[in-house]
Amino acid sequence: MKKFTWCTLFYALYTLFLPLSSQADEHPGFTLADINIVPKPQHIALGSGSFTINENTVVVAPGEETKQLAVFFTRPLHLAAGLELRISSVPPASNYLHFVPDPTLSPEHYRLAVSRNTITVWASDYNGYLYGVQSLLQLLPPQIRSRSKAVHTTQWILPAIDIEDGPRFSYRGLMLDVSRHFFTMDYIKEVIDEMAFHKLNKFHFHFIDDQGWRLEVKKYPRLTQDGAYRVENLELNWNDQLPAQPGQQPNYGGYYSQNEIRELIAYAQTRGIEVIPEIEMPGHITSAVVAYPFLSCSGEQVLLPNGGARPPFNNNLCPGKESTYEFMGNVLNEVVDLFPSEYIHAGGDEVSNASWKTCPHCQARMQDENLASLEELETYFMSRIEQIVVKSHGRKMVVWKERSETPGGVVPMIYKGMGEVWEATKQGYDVIVAPASHTYFDYYQGSPEQEPLAYGNYMPLSRVYQFDPIIDSMSTAQKRHVLGGQANLWAEFVQNKQTSEFMIYPRLAALSEAVWTKKELRNWTDFSKRVQVQFNRYAYAGINYAGSAFNVDYSLKADSVRKEIAIKLMTEFPNVEIRYAIDGKVTGASPIYDEELVFDTSVTISTRTFRDGLPVGKLLTKELDFNKLF
C-alpha cells in the first residue's frame, strides 16, 4: 500500500479545497487542512483572505464579563508574541475583535466570524463567548501557547472563517483523585485552564478516600489534622509501600483550606467550569474514621492506610448510629455553603459491610426500619444523605452507580459498564457516563514496556475517542436522560504533576471531542491529524503529554507445527510509517512494515514510527528467543 507523507497529505487537501479559499494579496490562502480545532466544531466555512493580529489590534469589551474574556485572548498574545493589545469599550474603524450578544443561540453555543478587518464572537451566555475565544486561539499557530518567552518570528494570522458551534452534552467533565496523592492548588488551576481550552465544564474534585481527607471542615479540625497525613515512602510505588505501624510519624499529605477552595471556585467560574466536590461515604472514608473513631461500628482507633494496606477496608461509617448522620450532616452543611455547584457527589461505591453484620447498632437500625438485608441498610444510609443534600439544601446528589436500589432523587454516575446506562435511563434517572472501559485515565495508554507504571489495564487514545455516552438502541426518552460524560484519573500510581499530565494528555482531547462533537462528525483519521497539532500546543505550553499513540505495539504468534514465529506491528495513528530493523539500528531508511514478519530463528527486532523521515515514536526493541517460545 502506498504511504502518504505529511507533506503529500497537506498538498492533497490544499488542492482539494483551493476553490473555497482564494488567497489574499498579502498572505497565502488557508484551507480546511489548516483548521485543527479540538474538539471539532459543528460547522466550518472558509472565506477569502485573512486577519492579521498586530500591535494596533483592539479588543472591544464594553462590560465586566467581556473584559475577562478579552484578557483570555490578550494574555496569550502578550506571552507568546509580545503584543500589548488594547482593550476598549468603543470599537475603532477596523482591526478589532468584539463580542456581540445573540439571544437566539443556545447556552454554551457560539458563532465566530473572522473577516479581513474584524473578528466577531456571538453568544447568549458567558461560556459561549469563552468557547469562541478558545476556538479563536486554536486558529492561531501552536506557538500561541508558549508561556515562557515571546516568539517573535511567528506571524499571527487568522483565516477568514465562519464557525457555528456548540456542545452535544451539557455535562463534560474530568475527575482528579487528590486523596491517594496530593496535588498543589497551582497544579489544579493548570488543569482547570486546560479543561477550558478543551471546552470541558465540570471539574469533579475527589477530596476524600481511605488514604486522605483533603478538605478543611471548620467544625471537625481533626479531619485534616489527623486524616490528611500518612506514612509513605515516596521512593516506592503504590503497591510496594509497607503498611503504616503504630508510633510512626506521618510524613506525606496535605489539604486545601476553605479560602483556597473559594479562590479556586472563582478561578474556575471565569473559565466556565463548575467545581463539584465529592465526599465519599459510607465506604472509602477511613480517613474520617482515623480522625473520629466513633464514626465506625467498633469505635476503635485505626491508622491511615497507604498503598501497602490492601482493600477492602472495613473502617466504614456506621449506618446504625444516629451520630453518624449528625456528623455527615454537619460536614455537608459546610460543603454546601462552600461550593455553589449544582451537583454534590456523595460517593456510595465499593462498601464493605463486613462490620455491619455483627454491629449491634446496625442490627438495631435494620430492625427498627424493617430492613431485610445489609444492602437495604446501605440504601437507607444513602437515602438519609439524599435528604440532606437534595431536600434540605436543594442540590442534585451524584453517586457512583452500584446497585439498582439507587435512591430516587440522585444522579447515578455510571462507571462499571454501558449496560448500566441503559438500565438507569430506562428507570428514568438522569445519568453521567464515565465507564472504566473508555474513560479511566489511570490505565496504560501504550505498551507497559514503554510507559510509567500504571493501574494495569489498557486505555489507548483511540479507545477514549470511541467513547459515546449514548447507546444507539436507546429510545428517545432514554437519550434525553444522558447528561454527558467524564474522564477519571485515580491517583494510586500518579505521584506527581509530570505523571498526572502524562496520563491526562492527549486523552483529554479525545474525551472532549467525544462529549462535544456530534457523533456523525467524528472520524479517527481526521482527529489523528488535528490532535498531532494539539501535541504541538501541549509542547509550547510545557505540558508533559504522552506520545504513546505514535509508539509501536506488537503481538506474537508461534506456530509449533511449522516452527515459526510471526510478529505483528501496529500503531494508532494512520498517517505514520512503521520502520523496522532486524539485528540492527532502525533509521528513516529502514524497511517500512506492511505485513506481519515471520521468522524461523531467534532475532532481535527494533522498530519505531516515522513521519516525513523523522522519528516520532519511541524505539521498541524486542528479542525473539526461538527456544523460549517453543
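Modeller: Gladly! At the start of helix H15, a side-chain oxygen of Asn496 comes to within 3.3 Å of the backbone nitrogen of Gln498. That is a polar contact, meaning a pair of N or O atoms within 3.5 Å; within protein, one atom must be able to donate a hydrogen and the other to accept it, and residues adjacent in sequence count only if both atoms are side-chain atoms.

Before we go on, please keep in mind that this is a predicted model, in which local features need pLDDT of at least 70 and side-chain atom pairs count only at pLDDT 80 or more, while totals for chains, interfaces and linings use all residues. Residues are numbered from 1 along each chain as its sequence is written, and side-chain values use heavy atoms, with hydrogens and water left out. The element names come from DSSP runs numbered from the N terminus: helices are H or I with at least four residues, strands are E with at least two.

H15 spans residues 497-504 and is mostly covered, with 6 of its 8 residues buried. Buried means under 20% relative accessible area, exposed means over 50%, and partly exposed is in between (1.4 Å probe, protein chains only). Which residues of H15 are buried? They are Thr499, Ser500, Glu501, Phe502, Met503 and Ile504. Contact here means heavy atoms within 4.5 Å.

E20 (residues 553-559) and E21 (residues 564-570) pair in the antiparallel sense over 7 bridges; two strands pair if DSSP finds at least two bridges between them. Within this pair, Lys557 stands opposite Ala566 of E21. The two strands form a hairpin with 4 residues between them, and Lys563 in that turn has a positive phi of about 55 degrees although it is not a glycine. Most residues other than glycine have a negative phi, and most peptide bonds are trans. With a relative accessible area of 42%, Lys563 is partly exposed.

E21 also pairs with strand E23 (residues 597-599), again in the antiparallel sense, over 3 bridges. There, Val598 in E23 is the bridge partner of Ala566. In a regular strand the side chains alternate between the two faces of the sheet.

Another strand to look at is E22 (residues 577-582), where 5 of the 6 residues are buried. E22 runs antiparallel to strand E24 (residues 603-611), and 6 bridges join them. One such link is between Ala581 and its bridge partner in E24, Ser606.

A nonpolar surface patch of about 220 Å² is made by Leu556, Leu629 and Phe630. Patches are made of residues with over 30% relative accessible area and no salt bridge, joining like charges within 9 Å and nonpolar side chains (Val, Leu, Ile, Met, Phe, Trp, Tyr) within 5 Å. The areas come from the Shrake-Rupley method with a 1.4 Å probe, and for residues only the protein chains shown count as cover. A salt bridge is a side-chain nitrogen of Lys or Arg within 4 Å of a carboxyl oxygen of Asp or Glu. Phe630 sits in the segment after helix H18 (626-629) and counts as partly exposed because its relative accessibility is 33%.

Let's end back towards the start of the chain. Pro41 lies in the loop between helix H1 (6-17) and strand E1 (43-52), and its relative accessibility of 3% makes it buried. How far apart are Pro41 and Leu521 in sequence and in space? They are 480 residues apart in sequence and 8.8 Å apart in space, C-alpha to C-alpha. Leaving out residues up to four places away in sequence, Pro41 touches Ile163, Asp165 and Leu521.
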